[in-house]
Amino acid sequence: MIQGIVDLAVVTAPINQVPQIIEVCADKGAAGAVIISGGGRETGDQGARIEIQIKAAAGQSGMRIIGPNCIGIAHPRRT
């Protein structure tokens, strides 16, 4: 189990495990999550249902979520 305060979760678990992970993070008060895992709505109806479950798992926590199926966060330097 996660101990202490969670600021940001980076999730790389199989997509079917992500809703439960997000629920734990929301319960811990995590401010955000980056979901690297693929297999969301880009794979069809089942993946779309999982994305709905992820949103529901975050609930009313205010957690901001990037992903699923992303490569993370980038802030390129401007020249």
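The model is predicted.

Start with the sheet. Three strands form an open sheet in the order β1-β2-β3, and their pairing is parallel. Strand β1 covers residues 8-11 and stands at an edge, as does β3. Each of these edge strands has a single partner strand, so one side of each is left without a neighbour in the sheet. On average, neighbouring strands of this sheet are turned by 15° against each other, direction ignored. In general, strands of a sheet pair through backbone hydrogen bonds, either parallel or antiparallel.

Now look at one pairing in detail. Strand β2 runs over residues 32-35. Three bridges join β2 to β3 in the parallel sense.

Strand β3, residues 64-66, leads on to the largest pocket. The volume of this pocket is about 190 Å³. Both β3 and helix α2, residues 45-58, supply at least two residues each to the lining. Helix α2 gives the largest share, with six residues. The lining includes A48, E51, I52, I54, K55 and A58. R41, M63, R64, I65, G67 and P68 also line the pocket. What classes of residue make up this lining? Seven are nonpolar, one is polar and four are charged.

Stay with helix α2 for a moment. A56 is found in this helix. Is A56 buried or exposed? A56 is exposed, because its relative accessible area is 57%, and the cut-off for exposed is over 50%. A56 and E23 are 33 residues apart along the chain. Their C-alpha atoms are separated by 8.5 Å.

A disulfide needs the two sulfur atoms within 2.5 Å. Seen from the other end, C70 is in no disulfide either, and its nearest cysteine sulfur is that of C25. Both residues can also be placed by their accessibility. C25 counts as buried because its relative accessibility is 2%. C70 counts as buried at 17%. The cut-off for buried is under 20%.

Key:
Residues numbered from 1 in each chain as written. Predicted model: local features only at pLDDT ≥ 70, side-chain atom pairs only at ≥ 80, totals over all residues. Heavy atoms only, no water. 1 Å grid on protein atoms, 1.4 Å probe; cavity = no way out; pocket = protein on both sides within 12 Å on 5 of 7 lines; lining within 4 Å. Points joined across faces, edges and corners; volume = space filled by probe spheres on them. Helix = DSSP H or I, 4+ residues; strand = E, 2+ residues; numbered from the N terminus. Nonpolar A, V, L, I, M, F, W, Y, C, P; charged D, E, K, R; others polar. Buried < 20%, exposed > 50% of the residue type's maximum accessible area, 1.4 Å probe, protein only. Pairing = 2+ DSSP bridges. Axes fitted to C-alpha atoms, helices over the stretch in contact; angles between N-to-C directions.
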